[in-house]
Amino acid sequence: MPMSDLAHRTGAAAPPPLGAAAGLAPLVLIVFLGFLAVGAPLPALALYVHDELGFGGAVVGWSIGLQSLAAVLTRHRAGTISDASGPRRAVLLGLPLAALSGLLYLASAWAPLAPGGRLGLLILGRLILGLGESLFLTGTMSWGIARLDASRTGKVMSWQGIAMYAAIGLGAPLGLAVHAAAGFAGVAALAAGAPLLAVAVALALPGVPASGGGERVGVGRVLGLIWRPGLVLALATVPFAAMAAFLVLDYADHGWSGAGLGLAGFGAGYILVRLLGSHLPDRLGGARIAAASLGVEVLGQLLLWLAPGPGLAAAGATVTGLGFSLVFPAMGVEATRRVPPELRGRAVGGFIAFFDVAMGLTGPAVGLVAGRFGFASAFLVGAVATLAALALLTARRRAGTAA
């Protein structure tokens with residue numbers, strides 16, 4: 001549905017067409033600041049739960065993964081709010097919740113409780129962060145598509161993905177530095193403050209008309225349209241989730257320094273490809289770009305698994321970032337072109353939910369493997385998952401050609 005028709009339905013004036021920079025810059029900033037609450041605590045969380053609270057790898061994995069499990073359970077609702085009330089409302093609901101999660105981390109760090117009680121506060125914060133991130137990320141994705149146009153969905157997802165992984169890639173070493181200087185309480189304060197800055201940006205940005213999709217639509221209908229590209233995304237996300245949970249611990253297990261450099265390398269590789277190739281999924285098709293990307297991602301995971309030293313491990317993390325970079329927008333193009341405009345918010349939410357599932361399940365599952373075979377085995381699991389994504393994508397393309 002053209003934006004003019006959509007505005008007519010909702011009684012709002014259609015905004016003039018925006019260039020990519022003008023349309024996306026404020027949303028990119030919102031996502032970056034919001035995702036600092038996700039990215040900056042990640043490596044510090046592993047150290048806090050493992051070293052300070054004294055829990056093992058499986059609990060580390062669950063502590064990290066629960067945020068994504070909470071997000072996946074709320075993505076459809078976040079999409080419904082975005083469709084029915086406008087994406088700006090979803091964003092302004094989600095960001096304060098993300099800030100609240102940081103305050104709960106702070107309570108965990110300061111509370112005079114036994115380790116189990118402090119872990120409970122931390123887990124509550126992780127669950128609230130999942131709800132908050134579900135709302136603000138689904139909202140900003142839908143907001144960006146509405147501001148630019150559905151034909152530039154790949155560009156929207158690419159640039160907002162840059163913001164996400166810049167916040168993770170830059171936030172990880174920042175979080176480690178803050179942790180070294182001020183402990184986990186300092187990391188918690190950073191996680192609480194960044195989303196509040198994003199609220200100020202969102203309040204200054206005009207909204208867009210709601211899509212008019214407030215009617216009740218079952219989750220099954222949406223997932224039935226997008227499950228194939230979503231599953232490719234989920235499998236391709238396993239390497240990133242494994243690195244987020246276990247790269248720091250793998251470095252420590254080997255006696256290496258520079259884990260933050262490895263995570264920063266992932267972020268740098270990811271952002272470089274996004275900067276140079278954000279137009280490729282829209283221009284060449286999502287499936288072609290995803291297939292090439294997955295091959296590179298497998299190589300990065302194998303380098304990490306076999307790395308004899310921190311230099312090659314950092315190279316493997318960087319190559320993983322190069323490969324993973326365009327999988328999300330490539331599969332996002334494939335997913336959103338299958339749904340009508342009035343379901344776009346729910347389609348975006350459902351698609352991102354596959355990412356959440358991977359993030360939520362990878363930590364606990366790989367934690368069990370790593371506990372038995374060592375932390376490096378997490379990256380072998382990542383390589384196998386990415387090969388499965390490539391096989392699924394290839395089978396889908398062959399089926400489409402045969403049809």
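Tutor: In this predicted model, helix α4 passes helix α6 in a right-handed crossing. A crossing is called right-handed if the near helix is turned clockwise from the far one by less than a right angle, and left-handed if anticlockwise. Helix α4 covers residues 57–85, and its axis lies 7 Å from that of α6, at an angle of about 35°. The contact of α4 with α6 comprises 14 nonpolar, 10 polar and three charged residues. Here Ala, Val, Leu, Ile, Met, Phe, Trp, Tyr, Cys and Pro count as nonpolar, Asp, Glu, Lys and Arg as charged, and the others, Gly among them, as polar. Helices are DSSP runs of H or I of at least four residues, numbered from the N terminus. Axes are lines fitted to C-alpha atoms over the stretch in contact, with angles from 0 to 180 degrees between N-to-C directions.

Residues are numbered from 1 along each chain as its sequence is written. Local features need pLDDT of at least 70 and side-chain atom pairs 80 or more, whereas totals for chains, interfaces and linings use all residues; side-chain values use heavy atoms, without hydrogens and water.

Helix α6 (residues 115–148) also meets helix α5 (residues 87–110): their axes come within 7 Å and cross at roughly 160°. The two are therefore roughly antiparallel, a term for angles over 145 degrees. This crossing of α5 past α6 is left-handed. By class, 21 nonpolar, eight polar and three charged residues make up the contact of α5 with α6.

Helix α7 (residues 153–204) calls for separate attention. A straight helix of its 52 residues would span 76 Å at 1.5 Å a residue, yet α7 spans only 23 Å between its end C-alpha atoms. The expected span is 1.5 Å times one less than the number of residues. Helix α7 has a kink of about 130° centred on A182; the bend is the angle between axes fitted to the seven residues ending there and the seven starting there.

Helix α9 (residues 259–277) has 19 residues and reaches 27 Å, close to the 27 Å expected. Its buried residues (under 20% relative accessible area, with a 1.4 Å probe and protein chains only) include G260, F266 and R274. G269 counts as buried because its relative accessibility is 4%. G269 and V319 are 50 residues apart in sequence, but 6.7 Å apart in space, C-alpha to C-alpha.

Finally, helix α13 (residues 327–336) is mostly covered, with 10 of its 10 residues buried, including F328, M331 and E334.

Conventions
Angles under 35 degrees count as roughly parallel, over 145 as roughly antiparallel, 65 to 115 as roughly perpendicular and the rest as oblique. Buried means under 20% relative accessible area, exposed over 50%, partly exposed in between (1.4 Å probe, protein chains only).
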